[in-house]
Amino acid sequence: MKNDYFVFDNAIHMYKLTDDNLDERTGGRKSTNALVEYAKLYSRPGYPYDDISGRELSVEDAHRLMFDESDTDIAMAQTVPSHGGWKLGFSPAENNYKLKEAYPDRVLFCGGVDPITHGRYGAVKEAIRQITEWGAVSFKFYQAHSGGVSWRIDDRQVAYPIWEACLENGVTNVQFHKGLAFNTQHIIDLAPYDLERAAQDFPEMTFIVHHLGEPFIDETINIASRYENISLALTAWINQYPVAPRAALHAIGKCLLHVGEDRLLWGSEAFVWPKVQAYIDLFADMTMPEDLQDGYGYPELTDQAKAKIFGLNFARIMGIDVEAKKAELYGAPPAKGKKAKKNKKAGSHGK
């Protein structure tokens with residue numbers, strides 16, 4: 001924990017960028033380079049990026065970076081089923097499942113399927129398999145592929161069978177990469193407009209949107225403000241803060257003003273930026289400047305708001321009893337202001 005904040009990281013990725021996973025027909029190396037260059041653009045001393053080209057992250061290194069070297073309490077290992085450039089995706093489902101299996105007390109598994117890669121019926125079948133065999137409790141989706149190939153969240157023939165299968169098998173939240181196109185993805189295919197109909201048709205499903213849909217920031221916030229089953233992950237915006245603090249504060253301020261503190265989620269985007277603790281410290285100390293409060297009406301960034309964003313909101317979505325999880329991890333509640341002792345015990349790998 002950071003101070004008294006329960007830190008539940010919504011978005012960590014077990015990347016696999018080795019040559020055997022690159023698909024050069026769809027620009028795998030170019031996609032990798034674009035991703036690394038983006039991370040480099042938003043790095044500064046104390047907030048470094050990691051050149052992960054040609055590498056695959058081990059579960060041991062992931063645990064060290066996330067739990068030994070940061071105050072993160074629990075995290076969700078997210079599959080990145082972006083197959084335009086990578087055969088198994090940037091962050092393959094199996095890699096993320098292995099992290100959850102190695103450290104089941106600290107890691108939840110977010111699966112990933114793609115109706116273009118897996119096919120319309122294959123995506124449903126694979127989603128059910130990841131739930132029943134691997135314990136997926138959420139799914140991440142990337143709708144745009146290189147060259148303008150895409151699908152929509154509100155497609156009744158392609159997408160709705162996936163949402164129905166998730167609900168029938170106990171998964172009540174799905175997550176989406178919006179905006180931030182890489183390589184030859186078409187930016188319009190990553191716009192948030194297809195969220196509205198799906199949110200209306202599946203009120204029992206929570207739709208989580210990442211990156212605020214940049215560059216469709218205002219549109220994403222407007223849509224989320226009108227649908228209580230849409231939450232926004234602040235992924236990438238926390239990472240941009242060291243380079244562009246005013247831009248990040250504007251984005252966070254708009255979210256607080258229009259969506260509210262109850263539907264915003266913390267995500268570090270580890271491990272492209274490997275120093276997770278630096279971003280935790282940054283957000284814990286972040287304030288909303290008075291000129292932005294007075295000039296734009298942005299709410300103050302209170303301790304209560306930070307606590308919700310750091311972990312309480314996502315714990316609620318995932319049905320996690322925070323006090324029970326603290327007791328499981330640390331025993332008696334840690335003394336106020338002191339860092340809790342970490343439990344490094346791992347579950348059986350591949351169990």
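Biologist: Buried means under 20% relative accessible area, and exposed means over 50%. At 10% relative accessibility, does E269 count as buried or exposed?

Modeller: E269 counts as buried, because its 10% is under the 20% cut-off. Keep in mind that this is a predicted model.

Biologist: Where does E269 lie?

Modeller: E269 lies in the loop between β8 and α10. Its phi is near 60 degrees, a positive value in a residue other than glycine. Most residues other than glycine have a negative phi.

Biologist: What is phi of A236 near?

Modeller: Phi of A236 is near 80 degrees, again positive in a residue other than glycine. A236 sits in the loop between β7 and α8 (237-240). With 3% relative accessibility, A236 counts as buried.

Biologist: Let's zoom out. How many helices and strands are there in the protein?

Modeller: The protein has 13 helices and eight strands. Its radius of gyration is 19 Å, close to the 20 Å that the globule rule gives for 351 residues, so the protein is as compact as a globular protein of that length. The C-alpha trace spans about 50 × 50 × 40 Å along its principal axes. Of the 351 residues, 59% count as buried.

Biologist: What order do the strands of the sheet have?

Modeller: The order is β1-β2-β3-β4-β5-β6-β7-β8. That is an open sheet of eight strands, with parallel pairing.

Biologist: And which are the edge strands?

Modeller: β1 (8-12) and β8 (264-265). Each pairs on one side only.

Biologist: Take β6 then. Why is β6 described as largely enclosed?

Modeller: Five of the five residues of β6 (residues 206-210) are buried, so the strand is largely enclosed by the rest of the structure.

Biologist: Which way do the residues of β6 point?

Modeller: T206, I208 and H210 point one way. F207 and V209 point the other way.

Biologist: How many bridges join β5 to β6?

Modeller: Five, and the two strands run parallel. H177 has H210 as its bridge partner in β6.

Biologist: And how many bridges pair β6 with β7?

Modeller: Four bridges, also in the parallel sense, with β7 covering residues 230-233. There, F207 has I230 as its bridge partner in β7.

Biologist: What do β5, α6 and β6 make?

Modeller: They make a right-handed β-α-β unit. Then β6, helix α7 (residues 217-226) and β7 make a right-handed β-α-β unit too.

Biologist: New topic: cis bonds. Is the peptide bond from E214 to P215 cis or trans?

Modeller: Cis, with omega near 15 degrees. P215 lies in the loop between β6 and α7. For background, most peptide bonds are trans.

Biologist: What about the bond from A270 to F271, cis or trans?

Modeller: The bond from A270 to F271 is cis as well, with omega near 25 degrees. F271 is in the loop between β8 and α10 (276-285). That loop also holds E269, where we began.

Biologist: Last one, the surface. Which residues form a nonpolar patch there?

Modeller: I187, I188 and Y193. Together they have about 280 Å² of accessible area.

Biologist: Where is I187 found?

Modeller: I187 is found in the loop between β5 (173-177) and α6 (195-201). With a relative accessible area of 36%, I187 is partly exposed.

Technical notes:
Residues numbered from 1 in each chain as written. Predicted model: local features only at pLDDT ≥ 70, side-chain atom pairs only at ≥ 80, totals over all residues. Heavy atoms only, no water. Patch = residues over 30% accessible without salt bridge, like charges linked within 9 Å, V, L, I, M, F, W, Y side chains within 5 Å. Areas by Shrake-Rupley, 256 points an atom, 1.4 Å probe, with all protein chains shown as cover. Salt bridge = Lys/Arg side-chain N within 4 Å of Asp/Glu carboxyl O. Buried < 20%, exposed > 50% of the residue type's maximum accessible area, 1.4 Å probe, protein only. Pairing = 2+ DSSP bridges. Right-handed = clockwise from strand over helix to strand, strands pointing away. Rg over C-alpha atoms; globule rule 2.2 N^0.38 Å.
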